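Let's walk through this model together, starting with its open spaces and ending with its charged pairs. Have the viewer ready.

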Amino acid sequence: MSRLSRDVVFVDGVRTPFGKAGPKGIYAETRADDLVIRTIRELLRRNPSLPPERIDEVAIAATTQTGDQGLTIGRTAALLAGLPKSVPGFAVDRMCAGAMTAATSVAGGIAFGAYDVAIAGGVEHMGRHPMGEGVDPNPRFLSERIVDPSALVMGQTAENLHDRFPHLTRERADAFALASQHKYAKALADGKIQQDLVTVATRSAEKGWGLATADEPPRPETTLEGLAGLKTPFRPHGRVTAGNAAGLNDGATASILAAEDVARELGLPIGARLVSFAFVGVEPEVMGVGPVPATEKALAKAGLSIDDIGLFELNEAFAVQVLALLDHFGIADDDERVNPWGGAIAVGHPLASSGVRLFTQLSRHFAERPDVRYGLTAMCIGIGMGGAVIWENPNWEGK
């Protein structure tokens, strides 16, 4: 029996406002699973033509799968969001690329014909569950020198990347970070960011109930002089600072993916068409370089070159890892195609949730840019990996 692959589309995506992790953050006393439940409910509200019983799978990622981020969160969030009990779900962990992996996993199922429609997303409450909470790395990693000790500390891997590419200076990283803050501020002023956000009721024993309506991490007042004066916590006289890296954040994302024919049958919007994706492994000590070979692999699978990519949504875990990709492909640091509305340095990076933020923003760019045919979403991944997904603009007006 033969099976034909089907086209997979990104229908819609939403996210909570991203918060600062810690006791003073907006979500300090809000459960992680409640964040992702809110995004699933919002997707259904925004897409009333999608019958909940037509959803075939719910894949939700979390890097630290414990407490209110554990218990097979894809299934439990689906139940708590009010989906029919017949809708299954599962949990995903690929560190920073959790939501990206959740989406590509269900996309493969859709292309194969196992699913028609699926929800994919991610959540990370780094205030309640710091990265690495409860982990027990095998001592062989260090005793047998499988990795350098720095491989287990993401900020140190970013310093290692600066070592490997000394022309990627702190000054360049700071300038890129400043641009991220300014682009985000402009996008916010232009009303671009708000369209993706879902408000979240928050709880505080001291202050009572509140409502999260805006991202907490951005620092629009940032200056180059201020960035230059920041400490380098991962190495004396280093180059990685709190200003040129994403912070510790809380937040959730969710998206709808579907077979293109099913999306049209149900009258669902089509934000982007999946072209190819790739995940690769690299040296854990320089995990930030991962998006480079991942992008090369995804381009090769699609039969495209970097010159075919008209828009880039690159996760800014650290400025240096974005600069490494741009340098590799001969793209200027200030290229207008790259992160037009800013990136994680400004908005935050709640680990496993960020991939769907990239997809969602790219789909919004596509709607405004019918002159662009292809876009790239890519990110580095802890323990030495990279991920890249290439999308086609359904609004493209070219030939």
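Helix α11 gives the most to the lining of the largest pocket, with three residues. Before going on, note that this is a predicted model, in which local features need pLDDT of at least 70 and side-chain atom pairs count only at pLDDT 80 or more, while totals for chains, interfaces and linings use all residues. Residues are numbered from 1 along each chain as its sequence is written, and side-chain values use heavy atoms, with hydrogens and water left out.

The largest pocket has a volume of about 500 Å³. Of its 29 lining residues, Phe234, Ala246, Gly247, Leu248 and Phe318 are the closest to the centre. Two or more lining residues come from each of α5 (154-164) and α11 (344-347). Here a pocket is an open set of points on a 1 Å grid over the protein atoms alone, with protein on both sides within 12 Å along at least five of seven lines; a cavity is a set where a 1.4 Å probe fits but cannot get out, and lining residues have an atom within 4 Å of a point. By residue type, the pocket lining splits into 21 nonpolar, six polar and two charged. Nonpolar means Ala, Val, Leu, Ile, Met, Phe, Trp, Tyr, Cys and Pro, charged means Asp, Glu, Lys and Arg, and the others, Gly among them, are polar.

What about enclosed space? A search of the whole structure finds one cavity of 30 Å³ or more, and the largest cavity has a volume of about 40 Å³. Its lining consists of Arg15, Ile193, Asp196, Arg357, Thr360 and Gln361, which divide into one nonpolar, two polar and three charged. Helix α12 (residues 354-368) supplies the largest share, three residues.

Now for the charged pairs: the structure holds 28 salt bridges, each a side-chain nitrogen of Lys or Arg within 4 Å of a carboxyl oxygen of Asp or Glu. Arg38 and Glu42 form one, at 3.8 Å from N to O; both lie in helix α1 (residues 32-46), four residues apart, about one turn of the helix. Glu42 is buried, at 5% relative accessible area, whereas Arg38 is partly exposed at 27%. Buried means under 20%, exposed over 50%, and partly exposed in between (1.4 Å probe, protein chains only).

Another salt bridge joins Arg128 and Asp68 at 2.8 Å, N to O. This pair links distant parts of the chain, 60 residues apart. Finally, Glu260, Arg264, Arg273, Arg373 and Glu392 are linked in a network of salt bridges.

Definitions and conventions
Points joined across faces, edges and corners; volume = space filled by probe spheres on them.
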